[in-house]
Amino acid sequence: MLERFRAPSLRAVGVAVTTLLFSGGLAALPAVADENEIVPSATQAVQPAPEIATDQFIVGLKDEAGAQSGVTADNAVSQAATKLGVLATSVRESATGGRVVKVDEALPADEAEVFLNALRSDPAVEYAEPDAIMQAAADPNDGLYSLQWDLWEDFAGLRAPGAWEYNRGEGVVVAVVDTGITSHYELDGNVLPGYDMISSSQAARDGDGRDADPTDEGDWISANQCYWGSPQGVSSWHGTHVAGTVAAIAGNGVGVTGVAPEAKVLPVRALGACGGYTSDIAASIIWAAGGVVSGAPINPNPARVINLSLGGINPCSATYQNAINFAYNSGAAVVVAAGNSNRPAADSSPANCQNVITVAASGRNGAKAPYSNYGSAVDVTAPGGDISFDVRNGILSTSNFGATTREDPAYEFMQGTSMAAPHVAGVAALWFSELGGITNPESLEKRLKATSRPLPGGCLAGCGSGLVDAAAVLDIYMPSWVVPLPVLFTDEDGTASDNFTIPEVTGVEYLIDGNVVAAGTYPGSGTVTVAARALKKYVLAGGSAAEWTHTFKATPFVVTPAPVVFTDVDGTKDDTYTVPATAGVEYLVGGNVVAAGTHPGSGTITVTASAITDYVLAEGATSEWVHEFKATPFVVTPAPVVFTDMHGTKDDTYTVPTTAGVEYLIGGNVVAAGTYPGSGTVTVTAKAVTDYVLAEGATSEWSQVFKATPAPVVFSDLPVGAQFFDEISWLAAQGISTGWTEADGSKSFRPVQAVNRDAMAAFMYRLAGSPEFSAPAVSPFADITPSTQFYKEITWLASQGISTGWVEPDGSKTFRPVQPVNRDAMAAFMYRFAGKPTYVDSQVFGDVPMGAQFHAEISWLAGAGISTGWTAADGSRTFRPLVPVNRDAMAAFMYRYHQKYMNG
């Protein structure tokens, strides 16, 4: 304890969107006891900070990744990092199930988006998002209680003394996810063992990563430490200030009191120097709510309230929402600061997440604080202070004298939505202490909103339901939870017996058009809507029905018959007609009533409809339906049998299709649909079954002689039966590719090696039959010369308009001969090689949208059967346009092109 009195210059700090915000001013204060020391500080203006680049990202994988998720994540991350020229590693699994990925340098927003888009394009990735850096967003006999206007003042304060008549938060745990906590005689007795969830030892400043010590090591920063242009700053002791607002000890004759002075604080450290990562904050939320976090022990004191006086300008991430949902479903209310950027809170995360209570800040004048975020995402408002003109109008709470590292306990004025949120967290602790297990976060939020009052100073921008009133929240006098009995309607179709009965329920009143209606039975006509609401001292049980509506039928009730549906399958057993069920209507065939349902159809069927007692058919309604069923059989065309001949290998097969009304036979025996081994000569015939006839001219016989010997092995790295073996063998036989001669004299094809642009030019030139062509003496491209390998083939390719190369900034043209050919560029080459034939443009592949580069050429390639792409588990097809073409796939493309366009 310091035995001296500090000068009454005051420091105020508020919640920042991406950085701690400091402000302060000078004011004369009444003398206080030596132990009630207040920290002095320099004056700075409150302003939102710029967005901070991050060096961590969170990747969620699809369920099918399974046990290979680590390998899958590494592959996706490696490919994405290559695009930016950075190094990236997968460091751990996040508490919400994703993988935390770290790159070797912080990426600004534009580069981060490129990295994320590359990750999202991987089919194994379900989501990818930045691991955004979030930062801190502040009658008893206590000596400084008179300065805590935010608690006792009736005009703009929380009106806490009225709530203390019920309880002071005993038995409730409030988690403060923040910068950690320092030892303070106003807090120590109310602090439970917490956890340090900061994964970076550098940011944590305690020599290691996550551990069981949530002590605040100080978050001072030097200039440019957090981002270029970030100012130098002293330690905020932000978590200590927030904890004091929630649960500083009351009645000890010194210092301040908290909103819930008998609640327990569970400190969870997630913010260090420059803030904290989303993954660490999400893990803190889950741990605080009693969930499992890898490497951390189970929290023995799960929180009923979790305070998040932090935020950043980001959409609500899946990582945040998953953690918040876990806490919410575990029964913990998550209270969040709205942010200090004087902009819509919908821009600030986690304030814009679902299942949170978002808190804006007000000043002592009863108006929205000038820095506070606002708008539709705000749920309620609480005192956050405004020290623009007088620091005593800030929020006074516990702090520390240290400018960098910890020194003696102190007190400090701060301002911000960081200070507003713990006021609401404290009221939440009072609510849960009063009602225990019979309430939940949803009921708490409804109660906060229902009892809040309009800001006396106004809030045109939108401050939620208004200023929280702690006394009104707790003024429930042990409310009785009631369930309204339902209103009963008796409808006798416009007769005198039509009525509705309102029950008698203690604690409930029923209303029609806003007027209270006594219990009893009343005549019913037209549309009657009855609502129920709780009387004073009662609360409707969550989920109970509170409104009933009924439209009484007139005499007679007007009805329109639903139509009869005829199904005519040309004289087959499937010819039917279906009579519908329509209230008040009966259907007749030949004068006899026919029950609703489906009946066999033949010849001419006439169905009429007539109204029964108390009903009349609507004027102009159709009441007769006639249909003459056709007697001829249904004409069908058999789908063809498909043969796959792989030259005597095990992959020789034939596939019998499924065609309604057709059966397929081999040797006079019916063969079921499916795929069968093929050898020798196989002849399959088709014939129509009963009630069907084959279409005139339809093919009904297919025959294939399977080759008995496989194609010769040309390349040592391409065994018989390898993928695209026949296509590569054909390529070699045509002289389009000769492969490589290895040191041992064998020849290899290197099937999975990517095809470069110069080699592609050579392949296409040979596919064209190596036409006569005189290469130009002067190269049309700046990056090749007449001595360049495949110079003749490249210049021929250009002369045919198949490749135009690139125009560089200096006006020269380049061919980039050793650059691999991507699949989309291969489609363009093949399309131009074919002479740009006509085709039907369509959306074939999910990853090649209309308007994408080379969409038309890819559409032609698919329509021509040259490429089928990949089929995903959900049935969608992808082309993977930016994947380089391997040599084996190139052989398949050219073989299919040759078979379709050049083979006779």
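Q: Hi! How many nonpolar, polar and charged residues are in the lining of the largest pocket?
A: By class, there are 18 nonpolar, 13 polar and 10 charged residues in that lining. Here Ala, Val, Leu, Ile, Met, Phe, Trp, Tyr, Cys and Pro count as nonpolar, Asp, Glu, Lys and Arg as charged, and the others, Gly among them, as polar. This is a predicted model, where local features need pLDDT of at least 70, side-chain atom pairs count only at pLDDT 80 or more, and totals for chains, interfaces and linings use all residues. Residues are numbered from 1 along each chain as its sequence is written, and side-chain values use heavy atoms, with hydrogens and water left out.

Q: OK, what volume does the largest pocket have?
A: Its volume is about 1,400 Å³, counted as the space filled by probe spheres set on grid points, joined across faces, edges and corners. A pocket is an open set of points on a 1 Å grid over the protein atoms alone where a 1.4 Å probe fits, with protein on both sides within 12 Å along at least five of seven lines; lining residues have an atom within 4 Å of a point.

Q: New topic: how many disulfides turn up in the whole structure?
A: Three of them, taking a disulfide as a pair of cysteine sulfur atoms within 2.5 Å. Counting bonded cysteines along the protein chain, the pattern is 1-2, 3-4, 5-6.

Q: Where are Cys226 and Cys274?
A: Cys226 sits in the loop between helix H5 (201–204) and helix H6 (238–247), and Cys274 in the loop between strand E10 (264–269) and strand E11 (276–277). The pair links distant parts of the chain, 48 residues apart. The S to S distance of Cys226 and Cys274 is 2.1 Å.

Q: Why is that disulfide left-handed?
A: Because the torsion about the S-S bond of Cys226 and Cys274 is about -90°.

Q: Are Cys226 and Cys274 buried or exposed?
A: Cys226 is buried, at 16% relative accessible area, and Cys274 is buried as well, at 17%. Buried means under 20%, exposed over 50%, partly exposed in between (1.4 Å probe, protein chains only). Across the protein chain, buried residues make up 50% of the 904 residues.

Q: What does Cys316 pair with?
A: A disulfide joins Cys316 to Cys353, with S to S at 2.0 Å. The S-S torsion is about 105°, so this disulfide is right-handed. Cys316 is partly exposed at 24%, whereas Cys353 is buried at 6%.

Q: And what is the handedness of the disulfide of Cys459 and Cys463?
A: It is right-handed, because the torsion about the S-S bond of Cys459 and Cys463 is about 75°. Their sulfur atoms are 2.0 Å apart. Cys459 is partly exposed at 23%, while Cys463 counts as buried at 4%.

Key. Helix = DSSP H or I, 4+ residues; strand = E, 2+ residues; numbered from the N terminus.
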